[in-house]
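Colleague: I would like to learn how to read side-chain features in a model, one at a time. Could we begin with charges and rings, and then move on to other pairs?

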Amino acid sequence: MVRGKTQMRRIENATSRQVTFSKRRNGLLKKAFELSVLCDAEVALIIFSPRGKLYEFGSSSMKEIIERYQKHAKDVRANNPSAEQNMQQLKQETASMVKKIELLEASKRKLLGEGLVSCTVEELQQLERQLERSVNCIRARKMQVFQEQIEKLKEKEKVLEAENDKLLEKCGAEPPQTSKENTEIVPCTESSEVSDVETGLFIGPPERRNKLVLKN
């Protein structure tokens, strides 16, 4: 019969939990004894039951093994920075990064025209110069992109013209030649005769106007 896999979680039933503790405690003590004998290792094992009862095993004197462990741990702490020092250093680096991020966010808001109330005249002038430099860089880049696009279009035009000429040769037609038509420009001549047109303003009945014309 295949044994099912035990889930690694607390056993809720108190009786089952006590039975499992006793079995695994004895197995652990047995393994510690076997390790010390087979490999000639110094092994110390300390177990406290849920009720606080102590179970221990030592391949030699438990006190000597514990003293050896404490001495080794002390030497390690002396040679390597402690976890507390590492944590303190990490905290300082984190605080520095947070401060830098806040300064960058404030600078970004000022460039967008926000939060300018607390700025001095010198700071505003500096922001203005910075924005002018940015605009000049953007315009220069835009002109460069336009020029590159124009060059690409010219190259594409040359390729299309070459393909068009090849197609005309295959069809047996001659490439079209652009001819300039001579257009004659006719000068505008004014008539030497001046038409006698009366342009004067006359107010009155038509009969009186006719009499005046006959007199002249």
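Modeller: A charge sits over a ring if NZ of Lys or CZ of Arg is within 6 Å of the ring centre and within 35 degrees of the ring normal. In this structure, arginine 25 lies over the face of tyrosine 55, at 4.2 Å from the ring centre. Please keep in mind that this is a predicted model, in which local features need pLDDT of at least 70, side-chain atom pairs count only at pLDDT 80 or more, and totals for chains, interfaces and linings use all residues. Residues are numbered from 1 along each chain as its sequence is written, and side-chain values use heavy atoms, with hydrogens and water left out.

Colleague: How many aromatic pairs does the structure hold?

Modeller: A pair of aromatic rings is described by the distance of the centres and the angle of the planes. Rings of Phe, Tyr and Trp (its six-membered ring) pair if their centres lie within 6.5 Å, and planes under 30 degrees apart count as stacked, over 60 as edge-to-face and the rest as tilted. The structure holds two aromatic pairs. One of them joins phenylalanine 33 and phenylalanine 57, which are edge-to-face, with 6.3 Å centre to centre and 80° between the planes. Phenylalanine 33 lies in helix H1 (residues 14–39) and phenylalanine 57 in strand S2 (residues 54–58), so the pair ties together parts that are 24 residues apart in sequence. Helices (H or I, at least four residues) and strands (E, at least two) are DSSP runs, numbered from the N terminus.

Colleague: Is phenylalanine 57 buried or exposed?

Modeller: Buried means under 20% relative accessible area, exposed over 50%, and partly exposed in between (1.4 Å probe, protein chains only). Phenylalanine 57 counts as buried because its relative accessibility is 17%, whereas phenylalanine 33, with a relative accessible area of 46%, is partly exposed.

Colleague: Which residue forms a salt bridge with glutamate 42?

Modeller: Side chains of opposite charge can pair when their charged atoms come close. A salt bridge is a side-chain nitrogen of Lys or Arg within 4 Å of a carboxyl oxygen of Asp or Glu. Glutamate 42 forms one with arginine 68, the closest N and O atoms being 2.1 Å apart. Because glutamate 42 lies in the loop between H1 and S1 and arginine 68 in helix H2 (residues 62–79), the pair ties together parts that are 26 residues apart in sequence. Glutamate 42 is partly exposed at 42% relative accessibility, while arginine 68, at 55%, counts as exposed.
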